[in-house]
Amino acid sequence: MPIAYDRVARLLHWTVAALILVQFATGWSWGYFERGSDPRFYLFRLHLFSGYAVLGLVVLRIVWRLTHPAPPLPAGMPRWQHILAHATHGVLYLAILIQPILGAVTTSAFGKSLGTGRIHVALAYGIAALVVVHVGAALWHHFVRRDGLILRMLPARR
């Protein structure tokens with residue numbers, strides 16, 4: 001069994017992951033409701049508040065990660081996979097940090113076009129792609145390589 005991430009890192013990972021799913025669901029669904037309608041307003045507010053939660057938690061997560069190193073990657077992984085894993089995680093952390101800041105700038109512009117709304121939407125698609133790569137790599141390690149990598153981040157079994 002590989003060395004697992006500590007409890008705090010796992011809690012932060014899964015909480016941020018769940019909030020990002022809320023972000024996708026609310027951000028991509030409020031457009032189906034009429035402007036000024038209650039459902040659109042509530043979806044927007046949920047998107048806004050969960051975005052602020054993501055921002056706070058990702059800052060905490062980055063601080064935690066810098067002070068609590070990740071467990072080593074499985075033995076036998078080629079160097080290019082190490083580099084790709086670290087690069088993907090770095091870009092994902094950066095995107096998840098920038099995204100709520102862009103959202104806050106966009107909503108606080110009071111109707112002035114700063115161009116940040118388009119960037120915010122484009123970055124959402126980029127984050128979705130990174131999440132697919134991240135989950136796909138974890139599943140590939142679990143089902144193809146069978147190296148136990150995914151077990152490092154799963155909740156501890158009793």
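Guide: Helix 1 passes helix 2 in a left-handed crossing, where helices are DSSP runs of H or I of at least four residues, strands are E runs of at least two, and both are numbered from the N terminus, and where left-handed means that the near helix is turned anticlockwise from the far one by less than a right angle (clockwise would be right-handed). Keep in mind that this is a predicted model, in which local features need pLDDT of at least 70 and side-chain atom pairs count only at pLDDT 80 or more, while totals for chains, interfaces and linings use all residues. Residues are numbered from 1 along each chain as its sequence is written, and side-chain values use heavy atoms, with hydrogens and water left out.

Visitor: At what angle do the axes of helix 1 and helix 2 cross?

Guide: The axes of helix 1 (residues 7–27) and helix 2 (residues 38–67) cross at roughly 155° and come within 9 Å, with axes fitted to C-alpha atoms over the stretch in contact and angles running from 0 to 180 degrees between N-to-C directions. That makes helix 1 roughly antiparallel to helix 2, a label for angles over 145 degrees, whereas under 35 is roughly parallel, 65 to 115 roughly perpendicular and the rest oblique.

Visitor: And which residues in helix 1 meet helix 2?

Guide: Among them are V8, L12, V16, L19 and Q23 in helix 1, and the residues of helix 2 that they and their neighbours in the contact meet include L46, S50, V54, R61 and W64, contact meaning heavy atoms within 4.5 Å.

Visitor: How about helix 3 and helix 4, at what angle do they cross?

Guide: The axes of helix 3 and helix 4 come within 9 Å and cross at roughly 150°, and the two helices are therefore roughly antiparallel to each other. Their contact has 15 nonpolar, 11 polar and one charged residues, and helix 3 passes helix 4 in a left-handed crossing.

Visitor: Stepping back, how many helices and strands does the chain have?

Guide: The chain has four helices and zero strands, and its C-alpha trace spans about 55 × 35 × 30 Å along its principal axes.

Visitor: Now the pockets: what volume does the largest one have?

Guide: The largest pocket has a volume of about 1100 Å³; on a 1 Å grid over the protein atoms alone, a pocket is an open set of points with protein on both sides within 12 Å along at least five of seven lines, a cavity is a set where a 1.4 Å probe fits but cannot get out, and lining residues have an atom within 4 Å of a point. Grid points are joined across faces, edges and corners, and the volume is the space filled by probe spheres set on them.

Visitor: Which residues lie nearest its centre?

Guide: Of the 42 residues that line the largest pocket, H13, H89, H134, V135 and A138 lie nearest its centre, and helix 3 gives the largest share of the lining, 11 residues.

Visitor: And how many cavities of 30 Å³ or more are there?

Guide: The search of the whole structure finds one, with a volume of about 80 Å³, and its lining includes Y5, D6, R61, W64, Y93 and M153. Helix 2 gives the most to that lining, with three residues.

Definitions and conventions
Nonpolar A, V, L, I, M, F, W, Y, C, P; charged D, E, K, R; others polar.
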